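Work through the exercises below with the sequence and the model open. Each task is followed by a solution in steps.

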Amino acid sequence: MKSDTDHSDNNGSQEATESSQLATSLSAPNRLARRTFLRNVGLGAALLVPGAALLSGSGKALADNEKKEESEGLTRGDVAILQLLAAAELIEADLWQQYNELGGINAPTSGYTAALQILDGDQLQYIADNTDDELSHAAFLNAYLKSKGEQQVDLSHFKNLLPSQVSFVPQTGRLTNLKQLSVDTSWWTRYRSTTNPDFGTTFPDAVPSLRTDQQGRPSFHTAIPRNNAELGDPNNPSDHVKAIAFTAGFHFGYIEQGGTSLYATLAQKVSSPEVLRILLSIGGSEIMHFQTWQDKAGNATPLTDFDPVNNSTVTFINLATGQPETLQANLIMPEPCEFISPNLPPCAIIRPSGPGQLDARGVINSFIADGLFQGQSAQFLQLINSLARAADAADREVGD
């Protein structure tokens, strides 16, 4: 395990800058000819760490994809989509396991668990259940790929990030970093708005200080206790411990709204009815997760806290009373908005679901901006971006 994955402020900022540059360097989604698409999928193999079985299983190497037009009824596009989703679910499973260790139903009682229960008395059970769901999604998608003779996705080689140093947390490497998050909370106002990002609308953050400081610079926060001292008193959690738990509460919703849009977007590209069934079914589970978390995050109580480790300040306000509709905590159903055409009547929908929004590359770029991968290697970022490009390049095939 590397000892330098917890960065100082300067190193963290440098990682964030490098990740942002990588994210913005990606080209816009484009429609590729079938042969070009197959060649691009094959190029993904060149990004793998030599000797590491990152895409493992009974299938052939990615470089052989161009030679094999079909496999057990799956198109190359369907395989690319399933592999990207398997990678995304492995990433989600990794972060949810960290939340579950410290805040799930079986976690030791602490100020952190008490603060999470301010958001909802059943919060610890919900965290455990969400963790189980993501683990099941990753396992199923990989098993399905294997059943079709295709490569499974294995990211274990990249589990090099330091976990929380809380004494009861297993000191095993992780894929994701929950200690330096810059959380986008614009999903909150998006779903309470009558407008749609697919038409170019942008949305303000519900908790602006979770993403930027007063000068508009990225602001980083921890969503898990980093050490025993930050576990806090279960009978009287401090504002600092509450701030950590409330950051987690808004991060839960951020993660699951990404999955909600990703499955809706990629479902439009699949060719196999069975793969479509898989995406619609797992995507429905992601929607249930998102609905739960956006209902709970709004119960955060007002406070302002300074974190000396990340040199950041966060302020939570009361969203339960006296707020406009774009912030009102109990408006958890999606507001009807424009959809398909502004000439059609407003419709309550999952949004965005159009190309170039929260498609595969959009989700990976949002994870980078979120700080989830601070400390990860360039090879990891290259691999997941390669998988995302292949998924976004997929086209639905009809007939011969």
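**Exercise 1.** Decide whether Trp188 is buried or exposed, and describe its ring partner.

Solution. 
- Trp188 has 0% relative accessibility and therefore counts as buried; the cut-offs are under 20% relative accessible area for buried, over 50% for exposed and partly exposed in between, with a 1.4 Å probe and protein chains only.
- Trp188 and Phe250 form a tilted aromatic pair, 5.8 Å centre to centre with 50° between the planes. Rings of Phe, Tyr and Trp (its six-membered ring) pair if their centres lie within 6.5 Å; planes under 30 degrees apart are stacked, over 60 edge-to-face and the rest tilted.
- The pair links distant parts of the chain, as Trp188 is in helix H6 (residues 186-191) and Phe250 in helix H7, 62 residues apart. Helices are DSSP runs of H or I with at least four residues, strands are runs of E with at least two, and both are numbered from the N terminus.
- Phe250 has a relative accessible area of 1%, so Phe250 is buried.
- Ring pairs join Trp188 and Phe250 with Trp187, Tyr191, Phe246, Phe290 and Phe316 in a cluster.
- The charged end of Arg192 sits over the ring of Trp188, 3.6 Å from its centre; the criterion is NZ of Lys or CZ of Arg within 6 Å of the ring centre and within 35 degrees of the ring normal.

**Exercise 2.** State how far the model can be trusted along the chain.

Solution. 
- This is a predicted model, with residues numbered from 1 along each chain as its sequence is written. Local features need pLDDT of at least 70 and side-chain atom pairs count only at pLDDT 80 or more, while totals for chains, interfaces and linings use all residues; side-chain values use heavy atoms, without hydrogens and water.
- The average pLDDT (the predictor's confidence in each residue, from 0 to 100) of the protein chain is 86, and 82% of the residues score at least 70.
- Over residues 1-53 the pLDDT is below 50, and this stretch has 91 contacts in the model beyond near neighbours in sequence. A contact means heavy atoms within 4.5 Å.
- Residues 56-71 also have pLDDT below 50, with 42 contacts beyond near neighbours in sequence.

**Exercise 3.** Explain why helix H4 is described as largely enclosed.

Solution. 
- Helix H4 spans residues 111-119, and seven of its nine residues are buried, so the rest of the structure largely encloses it.
- The buried residues are Gly111, Tyr112, Thr113, Ala114, Ala115, Leu116 and Leu119.
- Their cover includes helices H3 (76-103), H5 (123-147), H7 (239-266) and H8 (273-297).
- At the N-terminal end, Ser110 caps H4 with a side-chain oxygen 3.2 Å from the backbone nitrogen of Tyr112; a polar contact is a pair of N or O atoms within 3.5 Å, where within protein one must be able to donate a hydrogen and the other to accept it, and residues adjacent in sequence count only if both atoms are side-chain atoms.

**Exercise 4.** Characterise the salt bridge between Glu274 and Lys148.

Solution. 
- The structure holds 11 salt bridges, each a side-chain nitrogen of Lys or Arg within 4 Å of a carboxyl oxygen of Asp or Glu.
- In the bridge of Glu274 with Lys148, the closest N and O atoms are 3.6 Å apart.
- Glu274 is in helix H8 and Lys148 in the loop between H5 and strand S2 (152-153), so the pair links distant parts of the chain, 126 residues apart.
- Glu274 is partly exposed at 39% relative accessible area, whereas Lys148 counts as buried at 17%.
- For another bridge, take Arg226 and Glu230, at 2.6 Å from N to O; both residues are buried.
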